[in-house]
Structure formats: C-alpha cells, structure tokens
Amino acid sequence: MSFDRFGRNINYLRISLTDKCNLRCVYCMPEDITFRPRAELLQDDEIERLVQIFAGLGFRKFRLTGGEPTVRANVVDIVGRIAGTPGVQTVAMTTNGLLLDKLAQPLAEAGLQRVNISIDTLNQAKFKKVTRWGDVEDVWDGIHAAQEAGLGVKLNAVVVRNYNDKEDVVDLARLTLHQSWQVRFIEMMPFGDVADFQQAGVVSQEELVATISAKLGPLSVVNYGRLDGEAQLYRLENAPGAIGFISSVTQPFCASCTRARLTADGRLRLCLLREKEVDLLTPLRNGAGDDDLITIIEEGVWQKPWGHKLGEDVIPLNRAMSEIGG
Ligand code: SAM
Ligand code: SF4
C-alpha cells in the first residue's frame, strides 16, 4: 500500500490519456491552445507498464481522463490492458461524451465500468457558449449509449457565473426527479492561462443549494453528509437520483483524498491544485527498472501536499486543467 506523510492511503490514480480535446470549454483551455507533440506523451506500452507498477503498489481504482480520453488512438485497447492488470479493481472514465455513441459498447466490453459525462447545460445555445464548439445532442446520444452498454453513469456540470448558474442548474437538478443518475455540480477552479476568468466566476455550493431548492423544493442531505468520492450528496423529495456538489475551492476534502494523477506527459501530480509533480517519463525512457520507478513513486506519494492555497492567491499556473486530467 502507498501512504503519504499524513497517513493517507493513496490508491486511486487518474490518468490523462491526452491533452487534446474535441471541445474548448471556456474554463478549461483557451481556444487557440497548442497541444504537445505525440512523442512527448506517454505511449500505450508506457501507460501499461506504469499501471502495473501502480497496481503493485496497492492502487486499485483507475480513471481515464484528459483532455478528452476518447480522442486518444487505441483507447479501447488501453482500457482493456488496464482492466486486465492484476490488482486493478475499477476502471472508470471522465468524458465529454461526444464519441460515446460509437465507443461506449466496445469500451464496456474492454472492461470499462463507469463514465462521468460532462454536461454543463441542457440548452444548446448555452452549451455552445461554454464549450465553444459543442452540440448538446451529441452528449445525449453518448449518455444513452453508455446506459445501453451497461456502464454506470454520473453527470458532471462545472458551474460558471452568468453562463449556467441559474435555470441551467435547476434543469440539470430536475433530471434526478426522473432518473437514478447522480448529477454533480463542480466548483470552478483556477488554473494556468484561464485563471482570471475562473476566479471571477466561482459559484459556491451554498448559492447553488439555494437556487435549486427555491425552484424544486428542499434538498435533504444523503448519508449524513458523508462524501461519495469527492461529492457531498443531496436528494430532492421522492427523487430516484441524487445531486452532488464537488466544492474543492470552498470546502476542500483533503483529509479524505486518496488520489494521485498521471499527466499525459508522464508526470505524477500529487494534488490537482498544487504545482508539485514528479517526472516519471524521463526515467522510464532512460531505462529505469521497476525498483527504481517504485522508489520514485513512493517518494513522490510520501510528499503529497495537504490543501490548496487559493485563499493566499497561490494558483497553479504550470498547467491547464486539460493537461493534468480533471
Ligand atoms: N474532457 C473530459 C470532460 O470534459 O469530462 C475529461 C477531462 S476534463 C478536464 C475533466 C473534468 O474537469 C470535467 O468534468 C470538466 O468539466 C472539469 N473541469 C475542467 N476545467 C475545470 C475547472 N477550471 N474547474 C473545475 N472543473 C473543471
Ligand atoms: Fe475538453 Fe473536457 Fe476541457 Fe471541455 S473540460 S475542453 S471537454 S478537456
């Protein structure tokens, strides 16, 4: 098992399969972003080897993200390789859903168990405004394909002030009255190039609870407020689904954090909101043995930071969200 110096058991790895994306969400990346050359990204065999090492260190849960993981070549094969690695218990994916129409079934057959699909609004005009390029109907096709393929589905919405913080949030929350989905609202976090924009737009959980309950009735806390992953769950009266809030900025959940992240270019990032990273790509390509890599990973995990410093205006500037893997 892998422990950090605060006694947290780190057993969940999120892997960014690519920094590339078929959308350009306003809070995630600038429209004219330049992506890394493919040779700088972890290759399929390198991902497989690192997953074997992490699984040997007690990592059990793996989530593929990006950028957009479904635009990565060989994504189905990569899922199959990860799912087939001894020790791996869960393989999940965070995706914008645009390509799930075609990929959900083969991904499920390869061993993918769950998808978190991002959908910030049900309104097409606003969806285009937030994603710059997207068509919300394609996301719905992806959601239905994921359900038909038997994948567990959760919906994620980042809330942006003056884009989707009012009726859109209510429309999304209303879905839980008819579906057993978890609809989760994510507080916007500041990163790199788009930090100013993000800081201007944070909408707190408190404000969202008030907006939703004013239109749809009271929200009751689920499971005595115990976190489900990183989400605090609520339920509308008689709703089969649940409403979650992921409030990393205003209500950080560092004490229960079990996560580490592998960036698309092979850096181990210990906290989403801190710049500290450990280079795994260079030793991997310089012929490091498994024991060397294990030592590097264990030392990195040990140094995992506690807490973001956004309140002191320390903003992670070294990367965009799409490179880290949200
Ligand atoms: N492309 C996939 C997607 O959009 O689901 C996976 C990668 S995306 C970076 C992962 C998650 O991070 C998405 O739910 C996205 O909405 C969220 N995200 C992106 N930028 C964010 C930001 N600045 N603050 C909070 N969440 C953000
Ligand atoms: Fe792409 Fe996801 Fe970032 Fe949107 S949030 S630009 S879909 S990586």
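User: How should I read the packing of two helices, and what angle do helix H6 and helix H8 make?

Analyst: Two packed helices are described by the angle and the distance between their axes. Here, helix H6 (residues 167–174) and helix H8 (residues 205–216) pack at about 65°, with axes 9 Å apart. This is a predicted model, where local features need pLDDT of at least 70 and side-chain atom pairs count only at pLDDT 80 or more, while totals for chains, interfaces and linings use all residues. Residues are numbered from 1 along each chain as its sequence is written, chains are lettered from A and ligands numbered from 1 in the order written, and side-chain values use heavy atoms, without hydrogens and water. H6 and H8 are therefore roughly perpendicular (65 to 115 degrees; under 35 is roughly parallel).

User: Which relation does H2 have to H3?

Analyst: The axes of helix H2 (residues 75–83) and helix H3 (residues 100–110) come within 8 Å and cross at roughly 20°. That makes H2 roughly parallel to H3, and their crossing is right-handed.

User: And how do H1 and H2 pack?

Analyst: Helix H1 (residues 44–56) and H2 have axes 10 Å apart, at an angle of about 20°. That makes H1 roughly parallel to H2. H1 also passes H2 in a right-handed crossing.

User: How do I read a pocket, and what volume does the second largest pocket have?

Analyst: Rolling a probe the size of a water molecule over the atoms shows where empty space is left. The second largest pocket (an open set on a 1 Å grid for a 1.4 Å probe, with protein on both sides within 12 Å along at least five of seven lines) has a volume of about 210 Å³. Its lining (an atom within 4 Å of a point) includes Thr18, Lys20, Arg38 and Asp44. By class, that lining has 4 nonpolar, 3 polar and 4 charged residues.

User: Which residues surround ligand 2?

Analyst: Cys21, Leu23, Arg24, Cys25, Cys28, Met29, Gly67 and Asn96 surround ligand 2 (a heavy atom within 4 Å). This shell has 5 nonpolar, 2 polar and 1 charged residues (Cys counts as nonpolar, Gly as polar).

Key: Grid points are joined across faces, edges and corners, and a volume is the space filled by probe spheres set on the points. Axes are lines fitted to C-alpha atoms, for helices over the stretch in contact, and angles run from 0 to 180 degrees between N-to-C directions. Helices (H or I, at least four residues) and strands (E, at least two) are DSSP runs, numbered from the N terminus. Angles under 35 degrees count as roughly parallel, over 145 as roughly antiparallel, 65 to 115 as roughly perpendicular and the rest as oblique. A crossing is left-handed if the near helix is turned anticlockwise from the far one by less than a right angle, and right-handed if clockwise.
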